[in-house]
Amino acid sequence: MEHYKGDEREQASRNTTGWSDFHIHSTMSDGSLSVEEVCGLAYRHGIRRMVMTDHDALQNPEQLQQVRNQLPADILIENGCEISTWYQAKDGRTIELHFTTFFGDLTGNHNLEQVLKYNETVNYEGRLSYVDAMIRRLKQLGMDLGTVEEMLEKYPGSNRIGKKAVASEMYARGFVSSTREALEEYIGKMGKRKAFVDISDHVRYIPWEQAVEACAGKHIIALAHLNYYGLDDRELREILHRFRQIAGTSAAIETEYQFYLPEHVEKFRAWAEEFDVGCSCGSDFHDRTADRFQQYSGSYYPSLRERWERL
C-alpha cells in the first residue's frame with residue numbers, strides 16, 4: 001500500500017478502537033474544508049480510520065502524507081476518490097451512480113487515471129452550465145448568487161463546483177438557514193426541488209461498468225448511498241448482481257450512510273451478505289453546516305483491508 005511506515009501505524013490499522021468514515025470530501029472537489037481541516041475535524045470527532053473521497057480526484061500522496069504526519073499516530077487516512085458514472089435506468093432515465101474506491105496504488109492505476117481524466121476534462125464546461133442553470137433558477141426565486149465565474153473564484157484548486165457549492169453560497173448569503181435546507185428545499189434531487197436542475201442535461205460521465213472494471217482486482221470499490229438513486233429494490237439488486245460479477249471480491253456497498261434510516265442499514269447489510277460484497281460506511285461529509293461525522297464501527301477498516309489483501 002502507498003501509505004504508512006512504521007510499526008505504530010501498522011498496528012493501528014489492525015485496531016478497531018475509534019470510529020470509521022470512508023466517504024469524506026474536501027475543497028479538492030466540492031467540500032468546504034481543506035484536507036488538513038477536515039482530517040483534523042474528523043479526528044476531534046473520534047474518527048480514527050478515514051478515506052478521502054473527493055469527486056473524480058485523488059489526493060497528492062506526498063501532501064496527504066504531510067497531513068498524516070501532523071496528526072497523532074492512531075489515525076489512518078487513506079487516499080481514495082468518489083467516481084461519478086452513468087447508469088441507464090429501465091424507465092429511460094439517466095441515473096448518476098457513485099462509487100468510492102480506495103486501498104492499493106490508486107495513483108499508479110492507469111485505467112483509473114483515464115476514468116478520472118475523462119470525467120474532469122470532458123465535462124468541465126457542462127458542469128459550469130449546470131451551475132449556471134441553478135443560479136438562474138434561484139435568481140427567479142429572488143436569490144441572487146452572482147455569477148458562475150464569481151463562484152469559481154471561491155474554490156481555487158477545486159476540480160469541480162456543483163450543487164454543494166451552490167448550497168454553500170445560498171447559506172453564506174443568508175437565503176437559507178443551512179446548506180441542508182438549500183438541498184432539501186431547492187436544488188437537491190430528493191427534496192422539494194424548487195430550483196432543481198437535472199445534471200444529465202449538462203454532463204455525460206463514464207458508464208458505470210467501465211469505472212468498475214478500472215478498479216476491479218486492484219482496489220476496494222463501493223457502491224455509494226444506495227437510497228439516493230430513486231430506483232426500486234428489484235432494479236438495485238440487479239445492479240448489485242452485475243456489479244459483483246464485474247468487480248468480484250473488490251465489490252462493496254455502503255451499508256451505513258448519514259442519510260440511511262435503520263431499515264436501510266438492515267436491508268443493505270443483508271444484501272451485502274447475500275451477494276458476498278464488503279460493507280463500507282460514510283458520512284459523505286462536505287460542509288459542517290449540513291453534515292456531521294457519524295460513529296461507524298472501527299471494525300469496518302480491518303474487514304475491508306483484509307478483503308483487499310486477498311485480491
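Axes are lines fitted to C-alpha atoms, for helices over the stretch in contact, and angles run from 0 to 180 degrees between N-to-C directions. Helices (H or I, at least four residues) and strands (E, at least two) are DSSP runs, numbered from the N terminus.

## Basis of the model

This is a predicted model, in which local features need pLDDT of at least 70 and side-chain atom pairs count only at pLDDT 80 or more, while totals for chains, interfaces and linings use all residues. Residues are numbered from 1 along each chain as its sequence is written, and side-chain values use heavy atoms, with hydrogens and water left out.

## Packing of H4 and H9

Helix H4 (residues 110–121) packs with helix H9 (residues 208–215) at an angle of about 150 degrees, and their axes are 8 Å apart. The crossing of H4 and H9 is left-handed (the near helix is turned anticlockwise from the far one by less than a right angle).

On the H4 side, Asn111, Leu112 and Val115 are in contact with Gln210, Ala211, Ala214 and Cys215 of H9 (heavy atoms within 4.5 Å). By class, this contact has five nonpolar, two polar and no charged residues (Ala, Val, Leu, Ile, Met, Phe, Trp, Tyr, Cys and Pro count as nonpolar, Asp, Glu, Lys and Arg as charged, and the others, Gly among them, as polar).

## Aspartates with positive phi

Most residues other than glycine have a negative phi. Aspartate 56, not a glycine, has a positive phi of about 55 degrees. Aspartate 56 lies in the loop between strand E2 (47–52) and helix H3 (61–70), and is buried at 1% relative accessibility (buried means under 20% relative accessible area, exposed over 50%, partly exposed in between, with a 1.4 Å probe and protein chains only).

Aspartate 276 also has a positive phi, near 55 degrees. The loop between helix H11 (262–275) and strand E8 (278–282) holds aspartate 276, which is partly exposed with a relative accessible area of 41%.
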